[in-house]
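The sequence and the model are shown first, and the description follows.

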Amino acid sequence: MTAGTRGRRSRQRPGPRLSPGTGGQDVVMQDPTPEGAEESRAAAAAEGGGAFCLQRVFEEVQGSSQLSAAPAEPPAVTVVAVERYLAQAPPAAPPQYWYDVTLADGARRHRCHLAPRLNGLVQRARLRAGTRLRLTRCSYRYDEKRLNRGFLCLEGLERAAGTATAAAGVPPDRHRPLQPLRGDNRHYLPLWNNEDPYGDVWVPDRPPVQVDVDVSKLTNLGHLEMTWRSRVHFHPLLVRILHKSRLRYYGKPEKKMDMPYQAYFEVADGSGMMSMVLWNSLCPEWYHSMKVGTVLLLAKYAIKTSYPFKTHPTPGDSQMKRFATIEISLNVRDPPTEISIIPEEMVKPEWGLPEVKYRFITRSELDDLPHNHSCDVIGLVTFVGRAERARKREHSEDFWLYRWAHAIDGTSDQPFILELFATSQPDVFERIHPMTYLVCTQMRVIQGLTENPSRTVYLTTSNESQIFITGWHQGQPYTKDAKVKNFIQWMKSQCEADQIKKTVIGGYYPFPRPPDSFLKYCKNNEVESVLKPIGEIGKEIEDLHYREHKRIAVQGIISAIRCISCSNAAEEAPGEELVQNDTFQSLGSSFVSKEDSVDKGKNEEVKSFLEPPSTPGEHQHQALLSKGSSVKRQTTPRFRRDAEQGGTSVSPVSSYPYFTRTVRRKLGLDEYQHGHSVQDKNGQAVSDSLQHCTDQEGVSNILETEETGRTCDSWQSDLWAQVKDKLMNYFHHSKIFPESIPCKFDYMHKDLLMHQYNLHAAVHQPIEARTDKNINEFKSANGLGYYEVTVLGINHDIAIDVAFLPLFCPDNPHLFQLEDIQNDTLLSCMSSISACQQKATSSGRLHDTFPLSDEIVKAAKELDGKHVICILDICHLGDDKVEVFLSKIYKTVEPGVLYPV
């Protein structure tokens with residue numbers, strides 16, 4: 001039965017309404033508003049699910065003797081929200097997480113629990129807000145510790161066609177419970193990290209209150225430090241916040257705590273500075289309101305010995321005394337702290353509260369600062385990268401969230417290079433974009449990566465860093481700083497149109513570059529612990545979570561290089577919706593061994609979620625490729641599913657990667673890749689050229705075989721020609737995607753660009769709030785294209801195709817430094833030649849050509865047959881999209897001695 005048939009039958013008749021008393025509080029579904037009811041039903045019918053289909057599924061499940069059912073007509077629904085919380089687990093087990101999914105059927109919304117075995121769908125962003133899916137199996141679970149409490153559990157899912165248009169018209173529940181469905185948790189966590197506040201429980205801002213301050217009843221920090229051991233109760237304190245840390249979530253499965261959060265502040269009065277800790281339930285209530293510069297009146301607080309291993313910010317006033325042995329503890333009980341925020345206009349000079357001071361530097365001063373020096377910076381953002389994640393510990397489900405940015409201040413031709421980790425300011429972090437004024441406080445200098453510090457020095461956030469962008473500067477204490485005022489004056493002298501030409505957003509950003517030698521790369525680790533067998537790359541990729549970035553080292557032999565033009569690359573990596581539409585079989589199965597198919601026994605529900613029925617256009621595409629018996633080498637077609645290969649994408653860079661230019665022109669493939677497509681009645685893109693390629697006998701007659709060795713856009717070694725057809729495993733990971741390519745910033749479409757390069761939101765954003773412009777339509781900021789590099793394993797039985805993306809922006813030559821890889825002859829040649837070609841293209845002397853230069857071939861031949869160490873940057877981009885970029889090549893001169901190329 002086709003998806004369309006199922007959709008038509010499921011719209012026959014809505015079932016009876018679900019009463020609020022059926023099944024407990026979590027199955028209550030609210031009716032849409034009268035004015036939107038008819039529109040919602042129409043939208044639901046158009047999507048194929050039918051209004052009230054969730055209600056019918058609920059009734060079918062509850063009517064089953066096993067409280068589980070597989071609907072005969074799986075309903076199509078929209079994912080409105082995906083929310084995460086701490087799972088129950090045995091003591092000492094690493095933290096794991098559960099997910100609740102809010103679904104909409106066009107009439108109502110309903111929260112369901114995702115079966116833990118399907119968590120990987122969320123962790124790899126295959127199941128996300130806005131996804132359309134069908135419920136193939138559901139169960140109902142009662143909470144045995146509570147009365148009349150239960151929830152629907154999603155056991156089997158299948159990707160459905162269509163877009164999430166109806167979800168915007170479905171009203172939210174009027175009394176949506178904040179408590180997660182399972183366990184004793186009272187709150188949800190942010191979807192992709194633990195440091196950000198998330199949900200309505202976090203109070204946005206508490207207004208200052210009128211308080212009579214009786215100075216005669218106050219104590220000070222210096223007096224507390226001397227007398228705290230002899231007292232149980234303390235006099236009120238009047239302090240100003242000088243520094244603020246990011247939130248720390250310390251929840252553990254065995255600890256039953258409502259809000260296991262903690263935040264550090266550094267507060268000061270006329271006697272000195274001391275740490276203050278905000279605990280547990282007070283964090284959601286007060287964290288947003290306690291800003292740097294805020295004046296607090298504290299009563300009924302506790303004094304405790306300081307935690308010895310906490311970080312300390314560098315005070316702006318080096319003469320200020322620090323009381324480091326004790327800290328102020330603010331908690332909801334024992335004792336219940338009383339907190340009052342004093343309006344700034346009520347603060348009196350005689351109170352003696354210190355002003356907030358900063359340590360701003362200019363870019364011209366940065367190169368001379370020592371490693372780990374603390375400073376503050378301000379600049380105009382010229383580049384901001386995509387949001388990425390780094391795993392905190394091996395095999396952990398906890399991640400750091402970060403992104404890179406460049407900012408200029410007019411004092412140097414070099415930008416500030418900034419590594420910005422999430423600072424518990426998600427509204428700011430997600431809205432950093434080019435042309436905004438960026439302020440970063442308590443940044444740490446990272447020096448000593450290479451002999452040329454001006455090229456590689458960068459700043460990274462600390463635990464006490466705060467970031468601010470345009471729209472958040474008003475009222476901040478730093479606006480009075482002299483260097484901030486100088487920057488504003490410089491900006492007034494600049495032409496905005498000239499600056500915006502230099503701006504770039506998103507894409508792969510290979511910084512910091514690996515060091516000059518592999519021994520430096522290893523740092524203090526044993527070489528054996530750093531090197532990965534090339535055959536384990538598939539497992540490394542399978543284990544990646546959404547936007548997780550990892551750098552790995554493998555031994556190999558550079559065996560082939562091929563140029564791929566940028567004009568083809570963008571269309572070879574289509575948008576997310578097309579990823580839903582492939583099921584055709586691999587043509588390269590002879591190159592896929594059992595090792596390449598990790599965990600083939602994964603549940604069928606995951607596989608069905610990844611494999612909806614293929615469209616007629618896809619069958620035509622498959623038939624076309626199946627005739628390619630004389631193609632240079634067999635490949636797996638694009639969109640190869642992770643479920644079939646155990647999470648290991650083995651798709652090449654293109655569906656037609658080894659057709660010659662003549663064949664491509666005859667087949668019309670270039671036109672297809674340039675996006676000349678029509679929409680069929682189901683909404684899938686069908687190539688005009690493929691629709692006319694019906695004579696498949698003729699297709700097989702015009703396929704051409706490439707000669708081995710050198711062509712105008714490729715090179716291969718003699719060794720590769722001998723072994724390429726005898727490999728046990730061949731991984732194809734040279735494909736790049738729209739998220740991989742930095743693009744020129746378009747201020748008119750900044751919201752779309754920020755959405756593209758941020759992480760997927762936990763809650764669906766209605767499509768009406770976004771533009772229809774496609775990410776592929778934005779101008780690329782890099783060169784003509786990129787290179788596919790084939791690395792053969794040193795045992796000659798496994799190979800992998802990876803990509804090398806030469807990054808050069810002619811409008812902003814300091815954005816991507818060519819000097820960063822000058823100790824790497826081959827990659828340096830690739831970058832330099834590509835930069836020259838791009839300059840020629842921009843001046844009109846070169847157009848659609850992207851040849852492989854003699855310099856590159858010469859550098860490749862010098863490595864022919866030699867063992868090298870390749871540093872690979874891998875990143876999971878969601879769905880089954882994984883990019884693998886070559887970042888560095890080290891040559892092994894003799895056993896145990898490693899030198900750069």
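How many helices and strands does the secondary structure of the protein chain come to? The secondary structure comprises 25 helices and 34 strands, where helices (H or I, at least four residues) and strands (E, at least two) are DSSP runs numbered from the N terminus. The model is a predicted one, in which local features need pLDDT of at least 70 and side-chain atom pairs count only at pLDDT 80 or more, while totals for chains, interfaces and linings use all residues. Residues are numbered from 1 along each chain as its sequence is written, and side-chain values use heavy atoms, with hydrogens and water left out.

**The chain as a whole**

The protein chain has 901 residues, of which 60% count as buried. Buried means under 20% relative accessible area, exposed means over 50%, and partly exposed lies in between (1.4 Å probe, protein chains only). The accessible surface of the protein chain is about 37600 Å², and carbon and sulfur atoms account for 50% of that surface; accessible areas come from the Shrake-Rupley method with a 1.4 Å probe, and for residues only the protein chains shown count as cover. Among contacts between residues at least 6 apart in sequence, 75% join residues at least 24 apart, a contact being heavy atoms within 4.5 Å.

**Salt bridges**

Side chains of opposite charge can pair when their charged atoms come close. A search of the whole structure finds 28 salt bridges, each defined as a side-chain nitrogen of Lys or Arg within 4 Å of a carboxyl oxygen of Asp or Glu.

| D184 | K256 | 3.6 Å |

D184 and K256 form a salt bridge. This pair links distant parts of the chain: D184 is in the loop between strand 6 (150-159) and helix 5 (221-227), and K256 is in the loop between strand 8 (248-249) and strand 9 (261-269), 72 residues apart. D184 is partly exposed at 36% relative accessible area, whereas K256 is exposed at 60%.

Because D873 lies in strand 32 (residues 868-876) and R551 in strand 24 (residues 549-565), the pair ties together parts that are 322 residues apart in sequence. D873 is buried at 1% relative accessibility, and R551 is partly exposed at 24%. Salt bridges that share partners also join D143, R146, D184 and K256 into one network.

Which residues are buried in helix 25 (residues 854-862)? They are I856, V857, A859 and A860. These residues cover an arc of only 165° around the axis, so they are on the same side of helix 25; the arc is that of the directions from the helix axis to the C-beta atoms. On the other side of helix 25, D854, K858 and K861 are exposed.

**Pairing around strand 13**

Two strands pair if DSSP finds at least two bridges between them. Strand 10 (residues 272-279) and strand 13 (residues 322-330) run parallel and are joined by 6 bridges; M273 has R322 in strand 13 as its bridge partner. Strand 12 (residues 302-305) pairs with strand 13 in the antiparallel sense over 4 bridges, and the partner of A302 in strand 13 is S329.

**Backbone features**

Most residues other than glycine have a negative phi, and most peptide bonds are trans. A cis peptide bond joins D334 and P335, with omega about -10°, and P335 lies in the loop between strand 13 and strand 14 (338-342). The peptide bond from F511 to P512 is also cis, with omega near -5°; P512 is in the loop between strand 22 (504-505) and helix 12 (518-522).

A125 has a positive phi, near 60°. This residue is in the loop between helix 4 (119-123) and strand 5 (132-142), and A125 is buried at 0% relative accessibility. H395 has a positive phi as well, near 65°. H395 is found in the loop between strand 16 (388-391) and strand 17 (399-408) and is exposed, at 69% relative accessibility.
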